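I opened this notebook to record what I looked up in one structure.

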Amino acid sequence: MKFKELRYYYDKFKYGEDNFHNLMQYRVKEILLISTFYDAYIFEHDSLLSEQVVGEYHQLNLTTVPRITSVPTGEDALEILKNKHFDLVITTMRTGEDNTFELSRKIKQLHKNLPIILMLTVKSDIAIINRNRDRLESIENIFLWNGDSKLILAMIKYIEDKKNAPYDTENGHVKVILLVEDSINFISIYLPLLYTEIMEQTQRLISEELNDNQKYNRMRTRPKVLVTSSYEEGMRLYKKYKEHILCVMSDMEFYRNDDLDGDAGVKFLNYIKNDDPDLPCILQSSLLSNRRKAETLGVTFFHKLSQFLLKDLRHFIVENLGFGDLVFRDELGGELARAVTLSDFERILPELSMEVIMHHTRKKDFSLWLTAHGEMQLAKTLRPIEMEDFTNYEEYKDFLIHQFSNLRKMRNRGKIVTLNRESLRQDGVVTRAASGSLGGKGRGLAFFNSFLVTTEFEDAFKDAVVKIPQTTIIGTNGFGGFVSDNNLFELRDCDDDNEIKKRFIEGDLSPAITEKLKIYLEGVKTPIAVRSSGLLEDSQSQPFAGVYQTYMLPNNSEDIEERLDQLVTAVKLVYSSVFLNDTRRYIENLNYLIEEESMAVVIQEVVGRTYENYYYPHLSGVAQSYNYYPIGNMANQDGVASIAVGLGQSVVEGEKNFRFCPEYPTVNYLSDEDLIKTTQTDFYALDLSNRKANLLNGEFETLVKLRMFKAEKHRNLYHLASVWDNDNHRIVDGVGLPGPRIINFANILKYNVFPLSEIVKEVLTMAQIALGIPVEIEFAVDLTKDEYQGIKPTFYLLQVRPMTVNFEDSLIDINEIEEESMLLYTEEALGNGTLDDIRDIVFIDPDKFDKTKTQEMCMEIEKINTELKNQGREYILIGPGRWGTRDRFLGIPVIWSQISKAKIIVEVGLEDYEIEPSQGTHFFHNVVAMNIGYFNVPFKKKKKSFIDWNHIKKHHGATEYEYFTHIVNQTPFKVIMDGKNRKSIICK
């Protein structure tokens, strides 16, 4: 699929809010969004943002809302700006050939009064902004995308408030909140929270078809929020709006007289408190010692680094600051019925008399209502219709019912709809059991469900179907309500994970969500997976893959209450994972507050079939669009996939699986001999007999590991396995001969009995174009085929998440460095750039490595890691085998938090097992996404890779632990990583 094709389909699947305009004095009517397709989708649709905007504008009884036009590059933006008017430009840092600063200058040359907002998508870009402050003159303000789409609504309101404040305060006596803050990160946190609270929490998720004029009246007179980052501008705004100021929120340090003044906030608030002692004010600082200054001033103090900052701010705001339905009527004007949704029309129309329907037909009420709600095509169809066009009244009524029914069904395909008994029966939809953000996994699934349906990709292959499993999402508001209602915030400091889980399980899930889940279970009686979908998880801004757990449930009890109890328990355990110690440490390592994370829950049907008491798919896998370890003629961009028989745990946990390149599916990565040694010998399945599993024992409690002969007994290896012919020393495709089974998926990859490689290649291509960066997908395949029942083999897309590939502008010439100066050289490396600030190496001597002690090694490295973390020091970690493997005999089974300060990770080959790099696991994904150098040095000398063990072992002043040795160099080691050529060195 090409870029232009995807642009066409993206425009096709956009929901319809482009049909609306507002008629206010100054409203942002036309927005130009310069971003990748994926960003545009999230910004417009996650957390029902479009419905929030629709709700506010419909309360004016208007028929249009602000229209967002998306373009992927700066060149497209400049071209469209020549011919079309826009009220606001929102741009990201990645805009094509022109950088953001130059693009903004060119836009201002075309339209000098057009406001431009820069939205950063990664926190590290703030450093770029700070280095280029003299180039920001064309940019109105800068925000940091944090995964919450309410930030887009806040940016719209920020511009509107700035424009409307003079008139609204003078003529409508509207109040003003003044925010003085120069931190991009904190502006991005404050504004969404401010606007969410000010516009009433009930306005967060307004239905596109149900509005309340009373809410609009409150919205119209809401306080304006004015933002500045300097002392002088803050003072000017205060004096101008003095009679209308509701409160002032000030940073401690910001610019005063063109210099950064550490006491600017104190000076600013001191003036205000002397002028108006009763005015509520906040002083915020990252230094806790400034609390005394706030107390002296008589203002509220907020510690920026507090875990409870967002909660405190929300409390301050609450405590200190305060189109309708189509009504069917009789000839006398009396109300007979009221239609709020399309479903209401289907229900009401059969009960109405001919006189009532004719009355509304003559008035064109049906087309008018549809137009106001953006259903332009059906409105256009119904407008010219008259009763005389039909032979009788019943024919006309049936026509209307049929039209509304088709519209409702088609408008939902590819979209997110409320969970109910009807929506569960609809194909091609994602259902929602609670409001709020969809979280990381939810966002990706909803996005690609839309694309698969809109592009008709799901039916693109003659003998296969591509789809996502039936999916329901509990939005993040469910998590917030559960934690708040059960007083669980206090557990954020608890060190006992078991106590945290216990308290969460004892908590009461809201009756509304519980009832939704019961409705879900009435319609779904196959095994289900309960997955985390954190607000930060799987986003482009930060890596969170693998931090949380997935619980698979048999869901086969005859007692629905028993099934409901287990599902609710699984949801609670997913919620609890936000508070667990490993998660908290992980969030801290990424420099986020625990309060910045919130949790949605994805509930999916497990892909597979029942065999005896087991349930599993024919195969599962992970694929990446960028391959860090290509062989032969493969290029990095050809991608890579890892697949295994059964459930996907074998792949994501780094156990034995089969790797192939989607572009070259018949090219083997390993020799026949190595394939025999590493072939999959067992597989994961769901244990259907374990109906009352204790989920406190972890995500593997309901799973069972089976020997491969079980899959053959179930007749599932026919297309998945081959046989080792020991007499002729070769692999024979198929399982028709006796002998050891080799899981190499020959019939699929070599003979294409199922177009797996083609599907994977196309999905990766589509996903990478849509997200704008390399991607990783998880999938499962059910090869079941029944021509009589119309059942085709199906490829199920389970997850989509971004990878991170960052190359510096210039390549590094490693050949210029003498070998004598190298401590390590490898030609199997991931990472790019140079490091010159690491002085520590922590390593295990391969000669002293004991495979039976790897769990003890985990505890020891965690202690070393904690010590170095407390000292703010990063290190190089070297050890035999796979880091993070679940098989403790193949390496050290650490979790990420135990080695979180390792900046370079080296995997050294074992003498009796030539390991493959641990690509395809959650652990590896996080290494990549956090830009950690990842090196592999085989035991058998491959090309020129080596480690100078003599130099390392002879280092003076080494600290020797029971298993590890820690050395500190007087001067930093120099690490050079050539990401294009996958070569890396560490210099002595």
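The entries below go from the whole chain to single contacts.

**Entry 1. Basis.** I note that this is a predicted model, in which local features need pLDDT of at least 70 and side-chain atom pairs count only at pLDDT 80 or more, while totals for chains, interfaces and linings use all residues. Residues are numbered from 1 along each chain as its sequence is written, and side-chain values use heavy atoms, with hydrogens and water left out.

**Entry 2. Whole chain.** I counted 32 helices and 45 strands in the protein chain; these are DSSP runs numbered from the N terminus (helices H or I, at least four residues; strands E, at least two). Of the 988 residues, 61% are buried. I took buried as under 20% relative accessible area, exposed as over 50% and partly exposed as in between (1.4 Å probe, protein chains only). The chain exposes about 41100 Å², and carbon and sulfur atoms supply 46% of that area.

**Entry 3. Ser 183.** I found Ser 183 in the loop between strand E6 (176-180) and helix H8 (184-198). Ser 183 is buried, at a relative accessible area of 19%. Its side chain reaches the backbone nitrogen of Phe 186 at 3.3 Å.

**Entry 4. Lys 304 and Glu 181.** I recorded 39 salt bridges in the structure, each being a side-chain nitrogen of Lys or Arg within 4 Å of a carboxyl oxygen of Asp or Glu. One of them joins Lys 304 to Glu 181, with the closest N and O atoms 3.3 Å apart. Lys 304 lies in the loop between strand E12 (300-303) and helix H13 (309-320) and Glu 181 in the loop between E6 and H8, so the pair ties together parts 123 residues apart in sequence. Lys 304 is buried at 8% relative accessible area, and Glu 181 is buried at 0%.

**Entry 5. Asp 582 and Arg 585.** I next examined the salt bridge between Asp 582 and Arg 585, whose closest N and O atoms are 2.4 Å apart. Both residues lie in helix H24 (residues 581-589), 3 residues apart, about one turn of the helix. Asp 582 is partly exposed at 30%, as is Arg 585 at 27%.

**Entry 6. Glu 776 and Arg 801.** Glu 776 is buried at 1% relative accessibility, and Arg 801 is buried at 2%.

Notes:
Polar contact = N/O pair within 3.5 Å; in protein donor to acceptor, adjacent residues only side chain to side chain. Areas by Shrake-Rupley, 256 points an atom, 1.4 Å probe, with all protein chains shown as cover.
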